[in-house]
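I opened this notebook to record what I looked up in the structure, entry by entry. Each entry takes up one topic.

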Amino acid sequence: MTRRTEWPVSATDHGAGPEFAAGHTAESEGAYEPEAGHGTGSGAGFGEGAGRRARSRSRSSGSPSSSRAEKGEPRDPVEQARNICLRLLTGTPRTRKQLADALRKREIPDEAAEEVLSRFEDVGLIDDAAFADAWVESRHHGRGLARRALVRELRTKGVDSAVIDEAVGQLDSEQEEATARELVARKLRSTRGLDRDKRLRRLAGMLARKGYGEGMALRVVRQALEEEGEDTEGLDEPF
């Protein structure tokens with residue numbers, strides 16, 4: 001049976017929705033991370049002298065557990081998992097699978113990892129759907145990637161197929177073709193002076209690497225060459 005840990009009430013627990021997952025700013029870090037100088041061995045009632053004595057005893061012991069305690073590193077695997085996830089999420093949204101893989105690599109027990117990941121989903125710190133939507137928006141408009149390339153990238157990040165389909169559904173064929181035309185227009189000038197077939201291969205190859213289908217790539221490149229006065233007879237064959 002999954003062990004549940006009592007989570008401290010914080011600003012992150014109130015009102016953190018899917019939109020918060022895309023930001024993961026320092027505020028979320030502060031909601032969970034202890035302040036500087038407050039490790040597992042500090043607390044109310046400890047004066048400076050007591051703190052120095054405690055640190056001196058910790059240094060003299062030389063044991064790994066004492067070293068971890070001195071650094072404020074939690075021994076509880078749930079706390080370790082939570083801190084790892086918060087560090088990874090700071091400034092960079094990640095999918096649940098990416099975080100799960102990171103916890104597994106750090107040998108966090110599956111039970112503790114599952115508890116933390118589920119809790120982060122509950123408060124909106126993990127939202128694969130929002131991640132996929134933002135990824136499609138950014139990679140299509142920023143890099144000109146087509147749906148096929150976007151699907152491939154999201155799969156490598158562990159996003160569920162149904163979530164991927166919904167995210168790439170933002171892009172219809174008209175938007176995809178318009179972006180392909182913009183890509184070709186930017187690249188066209190650098191191919192001037194080359195023979196027609198070489199221009200075709202270079203431009204169509206660029207589109208293919210970005211995930212555009214052969215038919216669309218050929219059509220877009222042919223139209224661009226025609227607008228420059230190139231003879232495109234015979235360019236209907238697949239490249």
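**Entry 1: Overall make-up**

I counted 13 helices and 0 strands in the protein. I note at the outset that the model is predicted. Reading from the N terminus on, I wrote the elements down as α-α-α-α-α-α-α-α-α-α-α-α-α. I then looked up burial: of the 239 residues in the protein, 38% are buried.

**Entry 2: Salt bridges within a helix**

How many salt bridges does the structure hold? I found 13 salt bridges, and I looked at some of them in turn.

I began with Arg-82 and Glu-79, whose side chains meet in a salt bridge at 2.5 Å, N to O. Both residues belong to helix H5, which covers residues 77–89. They are 3 residues apart there, so about one helical turn separates them. I checked the accessibility of each partner. Arg-82 has a relative accessible area of 5% and is therefore buried, since buried means under 20%. Glu-79, with a relative accessible area of 21%, is partly exposed.

I turned next to Asp-101 and Lys-97, which form a salt bridge through their side chains at 2.8 Å, N to O. This pair sits in helix H6, residues 96–105. Because Asp-101 and Lys-97 are 4 residues apart in that helix, they too are separated by about one helical turn. I recorded Asp-101 as partly exposed at 31% relative accessibility. Lys-97 is also partly exposed, with a relative accessible area of 40%.

Which residue does the side chain of Glu-177 meet in a salt bridge? I found that the partner is Arg-219, at 2.7 Å, N to O. Is Glu-177 buried or exposed? Its relative accessible area is 16%, so Glu-177 is buried. Arg-219, at 36% relative accessibility, counts as partly exposed.

I also noted a network of salt bridges that links Arg-96, Glu-114 and Glu-121.

**Entry 3: Thr-191 in a loop**

Where is the place of Thr-191? I located Thr-191 in the loop between H11 and H12. Its relative accessibility is 0%, and Thr-191 therefore counts as buried. I then looked up a contact of this residue: the side chains of Thr-191 and Arg-199 are joined by a polar contact of 2.9 Å.

Arg-201 lies in helix H12. Its relative accessible area is 51%, and exposed means over 50%, so Arg-201 is exposed.

Notes
Residues are numbered from 1 along each chain as its sequence is written. This is a predicted model: local features need pLDDT of at least 70, side-chain atom pairs count only at pLDDT 80 or more; totals for chains, interfaces and linings use all residues. Side-chain values use heavy atoms; hydrogens and water are left out. Helices (H or I, at least four residues) and strands (E, at least two) are DSSP runs, numbered from the N terminus. Buried means under 20% relative accessible area, exposed over 50%, partly exposed in between (1.4 Å probe, protein chains only). A salt bridge is a side-chain nitrogen of Lys or Arg within 4 Å of a carboxyl oxygen of Asp or Glu. A polar contact is a pair of N or O atoms within 3.5 Å; within protein, one must be able to donate a hydrogen and the other to accept it, and residues adjacent in sequence count only if both atoms are side-chain atoms.
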